[in-house]
Amino acid sequence: MLDVKLFPLELSDREQFIRDNQDAFNYGAMEEFGQRDMHFEEDEEIISRDTIASAIDEGSAYRIVENGKVLGGLVAKTEYDCGQLELLFVSPAFHGKGLGYAAWCELETMHPEVTVWETVTPYFEKRNIHFYVNRCGFKIVEYYKDGELVDMFRFEKILPATKESIQEQIKRISYYEDIMQKAKGGSEEMLKSLSDYYGSSAWKRDFAADEAGLLPKNLARGVLSEDEVYNLLEEYGK
């Protein structure tokens with residue numbers, strides 16, 4: 001039985017983490033394409049150092065460890081009930097042993113408040129696509145034909161609501177309730193933030209939670225009123 005743990009990345013291990021991540025991605029590309037250079041991002045790397053470093057800086061990075069041995073790593077970022085799996089890799093020498101899946105399960109356990117997970121992966125990473133869809137329970141929800149994420153699939157996994165996720169939704173609703181009150185003064189910044197929330201899947205989940213009676217009765221929730229938000233945005237042309 002695997003005993004996989006996630007340990008926070010130490011600063012002293014940062015550069016090796018980046019190198020290990022690049023090696024793992026390069027291995028996948030070489031399996032599929034051989035030496036075709038057109039798939040490399042920069043400096044003959046499928047994923048650049050800057051891309052990995054930015055993910056580490058903006059999220060939480062962990063080493064995948066079993067029995068004291070470092071076998072891979074991952075980076076995740078969470079906000080309220082949403083989670084973004086930025087990176088997950090296992091050293092090629094240990095592929096096919098269930099380590100990636102065990103690490104994913106450990107991450108889910110660490111974040112019971114997250115009920116919507118997202119990630120992206122290149123179209124040619126057949127191993128990753130199989131892993132996310134057939135092992136971890138993600139669904140492919142989008143394919144990017146252009147832009148920064150060109151030729152990438154976006155995956156989403158939706159889990160049942162938990163008491164922790166409901167608490168996070170309450171925090172988000174309260175935050176945007178405050179934003180809405182401030183937006184009534186015509187603040188461009190507040191109106192933009194309110195508009196983004198109103199058009200998001202997060203607002204739809206919060207609205208559904210309210211409809212299902214999952215929110216406290218005394219919670220201020222005017223921001224979940226379609227008419228109130230719509231009229232406010234219309235008034236200021238947003």
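I took contact to mean heavy atoms within 4.5 Å. The model is predicted, so local features need pLDDT of at least 70, side-chain atom pairs count only at pLDDT 80 or more, and totals for chains, interfaces and linings use all residues. Residues are numbered from 1 along each chain as its sequence is written, and side-chain values use heavy atoms, without hydrogens and water.

**Cores.** I looked up Leu107 first. Leaving aside neighbours within four places in sequence, Leu107 is in contact with Leu6, Leu74, Ala76, Leu85 and Trp117.

Next I searched for nonpolar cores, meaning sets of buried Ala, Val, Leu, Ile, Met, Phe, Trp, Tyr and Cys residues joined through side-chain atoms within 4.5 Å. Buried is under 20% relative accessible area, exposed is over 50%, and partly exposed is in between (1.4 Å probe, protein chains only). The largest core has 24 residues, and Leu74, Trp104 and Leu107 touch the most other members. Helix 3 gives the most to this core, with 5 residues. I used DSSP runs, numbered from the N terminus: helices are H or I, at least four residues, and strands are E, at least two. Another core, of 21 residues, lies apart and includes Ile179 and Met190.

**Cysteines.** How many disulfides are there? I required a pair of cysteine sulfur atoms within 2.5 Å. The count comes to 0. The sulfur of Cys82 is too far for a bond, because the closest cysteine sulfur, in Cys136, is 18 Å away. Cys136 is in no disulfide either, with the sulfur of Cys105 nearest at 6.9 Å. Cys136 is buried at 3% relative accessible area. Cys82 is partly exposed at 24%.
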